[in-house]
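Thanks, everyone. Let me put the structure up, and then we'll walk through it.

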Amino acid sequence: MTIQFLCPGCEQVAYLQLRLLPEAWNCPKCGKTLTPIPQEKLSEGGALIRCAICAGERFYTQRDFNQRLGCLVAGVGAALSPFTYGISLLICLALDGGLYFLLKQATVCYRCGSIYRGVARNPEHGAFDLHTAEVELQESKYVRRGNS
Ligand SMILES: [Zn+2]
Ligand SMILES: [Zn+2]
């Protein structure tokens, strides 16, 4: 499992291999230390239930889509279509659609935006939901106020 998150110190993108947990993580850019939550507390039956970075419990899933690859495939199809009477475009669009379904899901934390890859999909996690994002935002504001 790999986590892609923003360092709370400098907001640079950082990566964390979850098998290294619960060792403290040091930001290579600003030196901030972070102690992620131990892996056994993160998942239940292999599915993610808690964020290692912010302890948030709401997630959504998104396709880990390589946008550039998709455009490239469609572009090649379009470039070849004058020679193949448009058939190559159709084939490449089909290929593009195929890629779309084959791509893996990534799980994203609503609260801190950390992206989890190589984790079992929790059936309770759905697509991004604006209402949930707002609830999470209000809640995190409340938590922050409560702590200060
Ligand atoms: Zn940092
Ligand atoms: Zn989080």
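How many residues lie between β1 and β2 in their hairpin, and which residue in the turn has a positive phi? Six residues lie between them, and the residue is Glu-11, with a phi of about 60 degrees. Keep in mind that this is a predicted model.

β1 covers residues 2-6, and β2 covers residues 13-17. The two strands pair in the antiparallel sense, over five bridges. One bridge joins Leu-6 to Val-13 in β2.

Now β9, residues 115-117. β1 pairs with β9 as well, again antiparallel, over three bridges. Here Gln-4 has Ile-115 as its bridge partner.

Next, the faces of β1. Ile-3 and Phe-5 make up the covered face. Thr-2, Gln-4 and Leu-6 sit on the uncovered one.

Step back to the whole sheet. Five strands form an open sheet, and the order is β2-β1-β9-β8-β7. The pairing is antiparallel. β2 and β7 are the edge strands, each pairing on one side only. From one strand to the next, the twist averages 25 degrees.

Last stop: Asp-64. It is found in the loop between β7, residues 59-63, and α1, residues 67-80. Is Asp-64 buried or exposed? Exposed, because Asp-64 has 12 C-beta neighbours inside 10 Å, and the cut-off for exposed is 12 or fewer. Asp-64 and Lys-104 are 40 residues apart along the chain. Their C-alpha atoms are separated by 5.7 Å.

Technical notes
Residues are numbered from 1 along each chain as its sequence is written. Chains are lettered from A and ligands numbered from 1 in the order in which they are written. This is a predicted model: local features need pLDDT of at least 70, side-chain atom pairs count only at pLDDT 80 or more; totals for chains, interfaces and linings use all residues. A residue is buried if 20 or more other C-beta atoms lie within 10 Å of its own, exposed if 12 or fewer, and partly exposed in between; C-beta atoms are placed from the backbone. Helices (H or I, at least four residues) and strands (E, at least two) are DSSP runs, numbered from the N terminus. Two strands pair if DSSP finds at least two bridges between them. Axes are lines fitted to C-alpha atoms, for helices over the stretch in contact, and angles run from 0 to 180 degrees between N-to-C directions.
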